[in-house]
Amino acid sequence: MTFLKLGFRSLFRQKRRTTLTLVVITFGVGCLLLTMGHTAFVEWGLKESTIHSETGHLQIFNTAYFENEEDLILEHGLHNHAVIESALNQMLDVQLVQARTNLMGLISNGDKSVAFVGQAVEPEKEKQLRMMFFSSGASFDSLIAYQQEEDCVILGKGLAESLKVEPGDWVTLMTNTADGALNAIDVKVVDTVQSGSSELDKRLVRIPMRTAGMLLNSDKVEKLLVTLDDTEKTEAMYEKITDWARRNNYSITVRRWYEQTRYYHQVRQFFFQITGFISIILFIIVFFSTSNTIMMSIVERTREIGTLLSVGTSRFQTIKMFAFEGLFLGLIGGLLSIAFGYVLSNGINSLNITLPPPPGMLNEYQLSVRTEAVFYIPVFIVTVAVTIVSSLLPAMRVTRMKIVDALGHI
Amino acid sequence: MRYAQIRFEQVSKSYKLGKTDIPALRNVSLEVHKGDFLVIAGPSGSGKTTLLNLIGLIDRPDSGTITLGDTTVSNGAFASASALRRDRLGYVFQTFNLIPVLNVYENVEYPLILQGVEKYRRKELVHQMLKKTGLYSRMKHKPRELSGGQRQRVSIARAVVKNPDIVLADEPTANLDSGTGKEILSLMQELNEEGITFVFSSHDPVIIEKGRRVVKLHDGCIQTIEEREEQQ
């Protein structure tokens, strides 16, 4: 307790120096929290937009889909998807169940044929899925409007430009059917879309499930997407659906959203590396700043250290005193950093700043910074740990200090 | 036969100045007895402070043996010196050396905390000592708020509160005016009469006169040891 008291009070001997150190810690760590907050927002946004546009929370496949290579499209598709969908819709927490099939083939305007990447979708449900996460889903409106009247598609903007077609024009889709024959179908282009990736837009064709069924000559679907009311429930629902399938002898495999999106993990890893690098730099600055403060303090208090040692304080106790000084610097600095980071983050959020689209993307996005205990607490702990270690190193000088020399220090 | 609280046998100590060895003490043999009021006198550079440092176990001899009570602490056996300093020795410094962030009460209490004395007992002992040294009304003051004489009283109280075998004082009145110096000396004499052993250095003839035993050093050697029991 005495050494805690000594450590704490010693902080206020050189108020200006302590203040400067605290400013360095607060500004450095506060800015780190800001960076982490923004990264967390981007990661969260990417996660939720991936779920609410590409993967859903869970995907259900025929188990054979993963066990055997398909020789023909939909060879291992879900044939009983309507029954499964109906059962899943009864489950609490399930918001949406929809079918999807990916297909590939050639698209032609009569003069030019190019390869396409097709997504067979249920347009109403695709719109509904996107509307769950800050999106209008308006890109599916044309499909919804025309799919009952005629066979129609939406093309990626790049693909439409490549084929020189516009909404209202007709194109031909060619692909293999589920039984291996070659099939073609004329479809009307009802709209063009920007998916967010300019590369994908050069190949993208969205086609209603009914039309795709005709093209592929099959009523199977590749997979079912299950969307929940909360991403946090993914694991619980995974267990529940797996258990339900086992009990009902359905040969299906359930995959969670994060098992189906490599891009999300790559981006996350990229952000992790950037944030890690910034963290290392900032904590090195904090380390040297604190170390310098404690070193100056030790030099100035050499005679006092000599006095403490001469009255029977052990060297370990003396080092402990400086470690406590570092601890308090860390605690105060850490708390100030959290306050600074929190206020700054909320300040930035309230300004509604819009940033240009990231490379490869098309849409602007709003600068937003998250304030979450999940990274505030670890950063606080690391700040305290760094200041303790950075005060221990100069304090080790005490172990080499001769009492007589220390007492004679001017 | 009087009990020797500390015994020096053929103790030598030298310091290095560049590549030259400067002898500070040469083959000094000395005993400090319980209840002594011993003054180490001599001109500057005679080895007074070195002798005090060695008695106080804050420096190591090059050769010879130092025995504190029944414990021989020379010949590299300094590992336990910290505990001996904590439990059996008290220090009064020429420049007071109080801990500036602690108030008077806390400064005096500090050695008792190191010894692990219970809080209620510490309070009792510190209050007793502050009353004895006339600092009771100043117990909440920080050292910077005290005069030189008051600071030295705190230093003495800090040294004596743990009831050590010996209190060492290096020129305790050197930084004080003559009147305050006399007051400090009187306080030390009073405490000595209560049984505390004092060993202190001085080159002030007025102070030296008050010693019951005076060890005169010259060039690191003991020149004379005068016994002045009659002054009591």
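In the predicted model, helix 5 (residues 148-160) and helix 6 (residues 178-193) of chain B pack at an angle of about 20 degrees, with their axes 10 Å apart. Axes are lines fitted to C-alpha atoms, for helices over the stretch in contact, and angles run from 0 to 180 degrees between N-to-C directions. Helix 5 of chain B is therefore roughly parallel to helix 6 of chain B (angles under 35 degrees count as roughly parallel, over 145 as roughly antiparallel, 65 to 115 as roughly perpendicular and the rest as oblique). Their crossing is right-handed, a term used if the near helix is turned clockwise from the far one by less than a right angle, anticlockwise being left-handed. Helix 5 of chain B contributes B:Gly148, B:Gly149, B:Gln152, B:Arg153, B:Ile156 and B:Val160 to the contact, and helix 6 of chain B contributes B:Thr180, B:Glu183, B:Ile184, B:Leu187, B:Met188 and B:Leu191. Residues are in contact if their C-beta atoms, placed from the backbone, lie within 7 Å. By class, the residues of this contact are six nonpolar, four polar and two charged (Ala, Val, Leu, Ile, Met, Phe, Trp, Tyr, Cys and Pro count as nonpolar, Asp, Glu, Lys and Arg as charged, and the others, Gly among them, as polar).

Residues are numbered from 1 along each chain as its sequence is written, and chains are lettered from A and ligands numbered from 1 in the order in which they are written. As the model is predicted, local features need pLDDT of at least 70 and side-chain atom pairs count only at pLDDT 80 or more, while totals for chains, interfaces and linings use all residues.

Chain B also holds an open sheet of six strands in the order 6-7-8-3-9-10, with mixed pairing. Helices (H or I, at least four residues) and strands (E, at least two) are DSSP runs, numbered from the N terminus; two strands pair if DSSP finds at least two bridges between them. Strand 6 (89-92) and strand 10 (221-227) of chain B are the edge strands, each pairing on one side only. Neighbouring strands of this sheet are turned against each other by 20 degrees on average, direction ignored. Strand 6 of chain B pairs with strand 7 (residues 166-170) of chain B in the parallel sense over four bridges, and B:Val92 stands opposite B:Ala169 in strand 7 of chain B.

Between the chains, 16 residues of chain B are in contact with 15 residues of chain A. On the chain B side, helix 2 (81-88) and helix 3 (104-115) are the elements that give two or more residues. Helix 3 of chain B gives the most, with four residues. The chain B side comprises nine nonpolar, four polar and three charged residues.

Chain A is divided into domain 1 (2-50 + 264-407) and domain 2 (64-250), with bounds from an automatic or database domain assignment. The C-alpha centres of these two domains of chain A lie 50 Å apart.

In chain A, helix 2 (residues 15-55) and helix 14 (residues 373-395) pack at an angle of about 150 degrees, with their axes 11 Å apart. These two helices of chain A are therefore roughly antiparallel to each other. The crossing of helix 2 and helix 14 of chain A is right-handed. Residues making the contact include A:Leu32 and A:Met36 of helix 2 of chain A and A:Phe375 and A:Tyr376 of helix 14 of chain A. This contact of helix 2 with helix 14 of chain A has nine nonpolar, one polar and no charged residues.

Technical notes:
Contact = placed C-beta atoms within 7 Å.
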